[in-house]
Amino acid sequence: MNASNIKRLAFLLSFLLLVPAAFAASNSPPAITVSTSLSADTVSLSGNIYATAVNATGAAASMNLQDTTISWGDPNNVTVTTLEQCEAYCGHTYPQPGNYTIFIDAVDSLGNINHEYINISILSQNTSSGSSTPPAIQVSTNVSGTFVSIDGNIFARSIGPNGVPATMNAKASHISWGDQSNSTNTTLSQCYSYCAHVYSQAGNYQIEIFAIDSLNYSSAKSLHVLVSNFSSSSAPPTIHLSYQVAANLVALNGSIYASAVNSQGVKATMNNQATTISWGDPQNSTDSTLAQCDSYCSHSYAQTGNYTITISALDSFGDSSLKQIQVTVGSNSVLSQNGAKPSIDVNASVSGDTVSINGNIWANAVDSSGALASIDTQQTTIYWGDPNNLTNSTMAQCETQCSHAYSKAGTYTITVHAVDSFGNTNQQSLYPTTLVNGSSSTSNLTGYFAKPSIAVTASMSNSTVSLSGNIWANAVNTFGQKAQINAQQTTIAWGDPNAPTTSNLQQCELSCTHAYSQPGNYTISIDAVDGFGNSAVDYVHVSVS
């Protein structure tokens, strides 16, 4: 996000910065679109695993067929199948009924990695009856005035005697809104695109959800909601701005967004033409509108001195807010490029087993020429802290929505690491994030299925880089023994062609630093290995000036 971008209504980490194409796809992980089909005790995989990355020269990656593996999660047969072996047929027969987790590790020719897992239930051919597991109802409510919507999932879990999983009976499953003024029920089939209801009166309501699958197993859940009438005047726009000064240049960054919701549940939007920034400059009385500030909002003053900037915000319902900012402009008010870290103002919201990140990340640094830094969207990373799915998200990938689905209920720590175009960094941790709902797997992890986690950041002092953070093992074998990190084999390659030194984790226990002899951009590679032989790799990018 550009440092001065103040037009942000949804705050779903949508970013205006365009990253040069030569660098945008070089770290794009392979795509895994795979589904399973069951026949008694045999599972078959179908679908596609394909490379999406493009290197700096524009050459597209291909899949590494030998390193892309399918681990069937069968403790009685720990055979791993490569993608090359799967070209003719990809399947596995389990000797015993039970719940299993299939792990897919995809690696392309550029070394980019992706992970996927699939939970399955196997019944033996001699099973006389299927499992009578009722449907799962994992939903939550969102309330805006008298407008209530339901988010989440309702899915079948039972399996018939022939091993065929049940599906949801969408027409028989329904939501009763508990509204005496409007007793209409909504079926699950009507809810496929959007499930919502507008209440005619404020009050407390009990929503009843009834779910039935194709094998006639059923579940029920009650949700309580409190709805109230909102008037458009009850919530004026929010003005959340800060500023930077470089010589005679003042730049604004942050957000102006509408907060009001009317009684029909319709949310206001900002009136971009009527929302104005008055710079308080008697030498140049030109105002800026929010529409003009879409990409960059700044003003150059002709003289040094103290000025008052006035922001008048107006939304589409006619609600308004006013904020004033006092600034001092002088020829010596220059920020150095290393003097201002990026700002991270984000939070996490939980719906079932899915966590979404909302908010803003913006650059604050200004160099001596008055040029503002921008956020490096490829290097700004969201670490989800999920040991069962080590995939992280970059800010570029989060352009429309940034979310992650966890496979198990629990408490996780999400870390946001921001890097600007000058190489300044900042970090924010969101913890604890408690998952109210989450599916759990009864499968035992073996040492082959869980790679180490790497959460390492770099800080610069002149030409010396220091690493900090954690590298930990996640694997547990069938006896419940947890892996340890192999400190001798876990290595840090500093990416310095003038001093190609490599440090191992044991050497780094006291201090993990490296001094570069020349300025430039460098990529540090961390290769982690645990006691079971599982490995993971991560990269940290640093800039030496």
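Strand β30, made up of residues 464-472, pairs with β33 in the antiparallel sense, and 3 bridges join the two. One of the residues involved is Thr464, whose bridge partner in β33 is Ala515. The model is a predicted one, and the values below are computed from it.

This pairing belongs to an open sheet of 3 strands, in the order β29-β30-β33, with antiparallel pairing. Strands β29 (453-461) and β33 (513-515) stand at the edges; each has a single partner strand, so one side of each is left without a neighbour in the sheet. From one strand to the next, the twist averages 20°.

Between β29 and β30 runs a loop, and Asn462 lies in it. The backbone of Asn462 deserves a look: phi is positive, about 55°, although the residue is not a glycine. Is Asn462 buried or exposed? The relative accessible area of Asn462 is 71%. Exposed means over 50%, so Asn462 counts as exposed.

Asn216 lies in the loop that links β13 (203-212) and β14 (218-227). Phi of Asn216 is near 75°, again a positive value in a residue other than glycine. With a relative accessibility of 59%, Asn216 is above the 50% cut-off and therefore counts as exposed.

Taken together, Asn462 sits in the loop between β29 and β30, while Asn216 sits in the loop between β13 and β14.

Technical notes. Residues numbered from 1 in each chain as written. Predicted model: local features only at pLDDT ≥ 70, side-chain atom pairs only at ≥ 80, totals over all residues. Heavy atoms only, no water. Pairing = 2+ DSSP bridges. Helix = DSSP H or I, 4+ residues; strand = E, 2+ residues; numbered from the N terminus. Axes fitted to C-alpha atoms, helices over the stretch in contact; angles between N-to-C directions. Buried < 20%, exposed > 50% of the residue type's maximum accessible area, 1.4 Å probe, protein only.
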